[in-house]
Amino acid sequence: MLSPKSVQSWLSTSPIFQDISRSNVVYGNFQGHGINILSSILILIITYYVIPTLFEFLFSPLGKVPGPFWARFSRWWEYRRVANGRSNLEYIRWHKKYGPVVRVGPNRYSISRPEDVKIVYDISSKFTKTDYYKPLSHPDPDQQSVFTLQDNEMHKNRRRKVSALYSMSTMVSYEEAVDKMTTVCVRKLHQFSEEKRLVAIPHFMQYYAFDVIGEITFNKSFGMMEKEGDTTGLIPDIRSGNDALGYLGVIPDIVPWVYGLRSLVGILPKAQVLNNYAITQINQHRQANSGFKKGARKYETFVTKVLNMEAEGRMTEPNMRDVCGANIGAGSDTTAITLSAALYYLFTNTEKLEKLRQEIDANTKEGRVSDPLTFQEAQGLPYLQAVIKETLRMHPAVGAILPRKVPKGGCHLAGYYFPEGAEVGANSWVLHYSRDIYGPDPEHFRPERWIGEEKTSIMDSMMFAFGGGSKTCLGKNISLLEMTKALPQIIRKFDMVLEHPEKPVPTRCAWFVYPEYNGWFKARDSSA
Ligand code: HEM
Ligand SMILES: *[C@@H]1O[C@H](CO)[C@@H](O)[C@H](O)[C@H]1NC(C)=O
Ligand SMILES: *[C@@H]1O[C@H](CO)[C@@H](O)[C@H](O)[C@H]1NC(C)=O
């Protein structure tokens, strides 16, 4: 089935391994270790995959779950689909073909029925995160991030410590930071408009998202919009980390080998640039606040809230680094992708765009919203809210299955019994394009579906852009704050013309689904 030659030939065509040989900075240069790696990989494959797979095929109650033929035999099959960069769409296709549960790899299953999704992602469910998260996890549990913690108790405790930083009532304290950066964004777009510059919109949105989250977290923009580029090295560092999650997450047994080899040749672990940045910022702020006494100073930004908690003995250094780092690491690509998708959908659906503009302009005239809108004012604009929801539905930033391990006692899903330890999960793209949930036209951008009678509770409960259950996105409110404030400012002041309006937007999916497109911004004559 797998000859060394075939392994070799597709290793050389797989993006992650190309990255390894291309980039000395992040991965180091692996050339010359090729033979050792390959024979180790083969031994691993036989021990961990071939033998258990045969066993499962012959004896497991799940032997009959349908799925692509080769998926039964090796996780590498799914890995290859992920490496092709279109896995978000492949999962949709498989569910159309095979039904509500699909075997995507040995002991790995994708589910799509709302009742099954509810079981796995129930707020008090005993399902745990699987080894999929290993590519981003730290060997020392104290250093482990909230995102990669697999143990449910540890995760719950960690989240409890930090949840106040992300609550709705805390959002007001971050508004000024968002406004400051939105002003820079609008100024840059005016400049692009005057210079008639073609803009790589997802890239610019990434600079915006970085600057905002930097300002919110450390009271310090990265200055990326201003410089029109990433001078920190953070973007490739974070991207390679997230890509590694998408690629290696489906074959986690190989992670210690890949990372072990990397450290042998002296390469820093993933996201080290980000870690170092977070430590430096925390220390700088800690020094500036060294005279801190409770109540002596009004703390506003994220890092000062965190330092405040440290002073009260409610947080330790690794937690602080985790939570600040997570803001930057999890909060920039996601928000940038969603904003880019929103602009794309609005400017390719001008009728919806006009409707949104009318809502904003009418409310502005009547003095009900300001310039920029406050977060609270934005809550009162139903069409704006529907546009954001519809964008999150049509282009959820995470394109991967969020896998969970079946707990003791097993469970019943889609008519099958899943024993303890099976890996099951849902993919937001599959759920969001389901006709059973969203009606006959899920491939159309139609914010109206979120308004009035049409909207059902099942639609809301199957919105999976931020994940589900006890591990839903911590930064959801921050991201909504950013998006509901930035989007109206851009569309009330600018028109945008796509470079290739006739072509569908290419995307690349590993963990995140990155869109790629260019456009020209043009200042509107009557900036309302
Ligand atoms: C549109 C924007 C965003 C989307 C679509 C999004 C999506 C997600 C998803 C799907 C998860 C769950 C992953 C899983 O179950 O494996 C998640 C977790 C997380 N997100 Fe977000 N996110 C966004 C913005 C943000 C922002 C702005 C922040 C920080 C300020 C953030 C911080 C986090 C953290 C810390 C977790 C881990 C939570 C935990 O494990 O308990 N996210 N996000
Ligand atoms: C975001 O705000 C909502 C509404 O107030 C709240 O229920 C939720 O817990 C908040 N999310 C987080 C992650 O704190
Ligand atoms: C944030 O930075 C500005 C200078 O850029 C400073 O004036 C202000 O005091 C800082 N705020 C906090 C809470 O650290």
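Visitor: Which atom of V250 lies 3.1 Å from a polar atom of the side chain of R75?

Guide: A polar contact is a pair of N or O atoms within 3.5 Å; within protein, one must be able to donate a hydrogen and the other to accept it, and residues adjacent in sequence count only if both atoms are side-chain atoms. Here the backbone oxygen of V250 lies 3.1 Å from a polar atom of the R75 side chain. The model is a predicted one, in which local features need pLDDT of at least 70 and side-chain atom pairs count only at pLDDT 80 or more, while totals for chains, interfaces and linings use all residues. Residues are numbered from 1 along each chain as its sequence is written, chains are lettered from A and ligands numbered from 1 in the order in which they are written, and side-chain values use heavy atoms, with hydrogens and water left out.

Visitor: Is R75 buried or exposed?

Guide: Buried means under 20% relative accessible area, exposed over 50%, and partly exposed in between (1.4 Å probe, protein chains only). R75 has 9% relative accessibility and therefore counts as buried. R75 belongs to helix 4 (residues 75-83); helices (H or I, at least four residues) and strands (E, at least two) are DSSP runs, numbered from the N terminus.

Visitor: Which residues come nearest to ligand 1?

Guide: A residue is near a molecule if one of its heavy atoms lies within 4 Å of it. Of the 30 residues around ligand 1, Y133, H155, R159, R404 and C473 come nearest. Polar side-chain atoms reach oxygen atoms of this ligand at 2.4 Å from Y133, at 2.6 Å from H155 and at 2.7 Å from R159.

Visitor: Which element gives the largest share of the shell around ligand 1?

Guide: Helix 15 does, with four residues. Elements that each supply at least two residues include helix 7 (152-162), helix 16 (333-347) and strand 5 (401-405). By class, the shell has 16 nonpolar, ten polar and four charged residues. For these classes, Ala, Val, Leu, Ile, Met, Phe, Trp, Tyr, Cys and Pro count as nonpolar, Asp, Glu, Lys and Arg as charged, and the others, Gly among them, as polar.

Visitor: Which residues are around ligand 2?

Guide: They are Y166, S167, M168, C473, L474 and N477. Taken alone, ligand 2 exposes 360 Å², of which the protein buries 51%; accessible areas come from the Shrake-Rupley method with a 1.4 Å probe, and for residues only the protein chains shown count as cover. A polar side-chain atom of N477 lies 2.4 Å from an oxygen atom of ligand 2, and a backbone N or O atom of Y166 lies 3.2 Å from an oxygen atom of the ligand.

Visitor: How many salt bridges does the count give?

Guide: A salt bridge is a side-chain nitrogen of Lys or Arg within 4 Å of a carboxyl oxygen of Asp or Glu. The count comes to 37 salt bridges. One of them joins D371 and K493, with the closest N and O atoms 3.2 Å apart. D371 lies in the loop between helix 17 (350-365) and helix 18 (375-379) and K493 in helix 23, so the pair ties together parts that are 122 residues apart in sequence. K493, at 12% relative accessibility, counts as buried, whereas D371 is partly exposed at 42%.
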